Amino acid sequence: MVTWKRPLTLTALTVSLLVLAASVLPTLLPRLRLLSQHLLPSAAIPVAVTRQHSTSTMASTSYDHELHVALLAVQRATLLTKSVFHNHAKGTLNKSDASPVTIGDFGAQALIISALQHNFPNDEIVAEEEAKDLRGDSGKEVRETVWNLVRHTQLGDGKAEEVLGGSVKSADAMLDIIDKGDSQGGGKGRIWAIDPIDGTKGFLRGGQYAVCLALMVDGDVKVGVLGCPNLPVSDSEPLKEGIGKDASDEEGKFGVLFSAVEGQGARSRGLSKSGLQQAHEIHMKPLENVADATFCESVEAGHSSQGDAAAIASKLGITKSSVRMDSQAKYGSIARGAGDLYLRLPVRKDYVEKIWDHAAGDLIVREAGGMVTDVEGNRLNFKLGRTLKENKGVIAAPKNVHSKVIEAVKEVLGAKQ
Ligand SMILES: Nc1ncnc2c1ncn2[C@@H]1O[C@H](COP(=O)(O)O)[C@@H](OP(=O)(O)O)[C@H]1O
Ligand SMILES: [Mg+2]
Ligand SMILES: [Mg+2]
Ligand SMILES: [Mg+2]
């Protein structure tokens with residue numbers, strides 16, 4: 001019996017100690033927290049976040065590593081698209097929805113996913129393209145061309161290439177990498193959205209296009225990067241459609257790389273063929289009177305109703321003619337103050353916008369001080385899968401005039417019903 005008595009006494013003692021601790025701790029905890037706030041600078045208070053990927057074990061919500069990888073991955077992909085533009089027949093195929101896809105789209109998607117898989121192997125990826133047309137005998141010629149582009153595209157900075165995990169191992173590996181972008185998306189976990197070439201029609205015409213990458217966490221965009229090789233480097237150059245000056249190519253610089261991290265503002269820097277250039281903050285241009293606005297819209301009348309945009313502009317008293325440019329370069333352009341509004345007005349009732357066409361631009365404009373909604377004034381909802389099925393159109397504007405623009409949009413679109 002003695003052998004039972006000791007443990008029983010010990011257990012009783014432990015239980016009374018626990019009861020005592022439970023009664024004292026609630027009164028002690030707030031005091032301890034107060035004390036720690038006085039003793040520790042706020043930056044030293046750790047913020048816990050569960051990271052799923054294996055390369056970084058540091059708990060942080062800064063997304064520094066994600067941003068760094070995304071910037072380098074997009075910059076490298078723009079080298080491939082530039083090379084396609086200057087040195088190749090574009091190798092255009094028609095997709096099932098009759099929209100074009102080029103060897104540049106496939107190659108850029110392969111390079112970006114390869115970098116994401118190297119750094120964040122557990123993250124999901126929603127990307128626009130798939131490798132189906134590159135497989136088998138019928139896909140051999142395009143596959144070989146894309147493979148040659150992918151394996152020969154490198155940043156001229158060894159450290160940057162190391163961050164991205166170097167080159168893709170084989171043509172077959174490249175096809176599987178392209179198809180890793182088949183996630184169905186949704187509102188849970190870490191999901192990257194990739195548009196390897198947004199504005200493919202602009203790319204083919206020598207107009208604007210953008211290489212787009214965004215990280216969503218539980219459906220909120222946390223990191224957004226847009227590489228726009230044909231935009232002028234300077235934020236103050238007037239907004240115009242068409243190709244930017246290519247002369248700077250000789251110095252290894254061309255176009256612009258926009259980026260934003262939620263809560264940390266938006267930035268831009270020149271694109272380069274090597275490491276990252278120095279970045280600076282960008283902001284929407286202050287606009288007191290909406291009648292003074294410059295607005296941008298799609299070049300393609302099939303993507304956005306230019307008639308409705310003209311009617312809305314006239315209701316707002318806007319007299320400047322619209323600037324038409326392809327791709328998410330429109331988001332970047334208003335975020336840097338080169339224009340004021342972006343109007344995307346539905347042409348067909350049955351068209352659903354894709355998340356990769358908007359995720360990066362949405363964050364970049366909001367972080368630059370703007371507001372981005374659909375034509376009803378609702379925020380874009382990235383939680384619903386590969387498409388924005390709850391939203392129609394896009395209206396991006398400085399915060400102070402956004403509701404005025406939505407009023408005009410509703411009047412014009414409402415009158416058509
Ligand atoms: N009927 C339609 N309405 C709106 N957007 C459309 C559309 N058909 C295609 N698009 C999208 O418009 C994007 C280009 O936008 P913009 O007109 O602003 O340049 C295309 O991206 P891709 O070029 O990546 O395929 C495509 O996803
Ligand atoms: Mg497309
Ligand atoms: Mg697109
Ligand atoms: Mg695309």
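Visitor: Why does ligand 1 lie between domain 1 and domain 2?

Guide: This is a predicted model, where local features need pLDDT of at least 70, side-chain atom pairs count only at pLDDT 80 or more, and totals for chains, interfaces and linings use all residues. Residues are numbered from 1 along each chain as written, and chains are lettered from A and ligands numbered from 1 in written order. Domain bounds come from an automatic or database domain assignment. Ligand 1 lies between the two because its shell takes residues from both domain 1 (64–282) and domain 2 (290–416).

Visitor: Which residues come nearest to ligand 1?

Guide: A residue is near if its C-beta atom, placed from the backbone, lies within 6 Å of the molecule. There are 18 residues around ligand 1, and those that come nearest are G199, T200, S298, H303 and D326.

Visitor: Which elements give two or more residues to that shell around ligand 1?

Guide: Helices (H or I, at least four residues) and strands (E, at least two) are DSSP runs, numbered from the N terminus. The elements are β4 (190–198) and α7 (200–205).

Visitor: How many residues of helix α10 are buried?

Guide: Buried means that 20 or more other C-beta atoms lie within 10 Å of a residue's own, all placed from the backbone. Helix α10 spans residues 359–367, and the buried ones include A359, L363 and E367. The helix is largely enclosed by the rest of the structure, because the buried count is 9 of the 9 residues.

Visitor: What share of the 417 residues in the chain is buried?

Guide: The chain has 11 helices and 14 strands. Across its 417 residues, the buried share is 44%.

Note on methods
A residue is buried if 20 or more other C-beta atoms lie within 10 Å of its own, exposed if 12 or fewer, and partly exposed in between; C-beta atoms are placed from the backbone.
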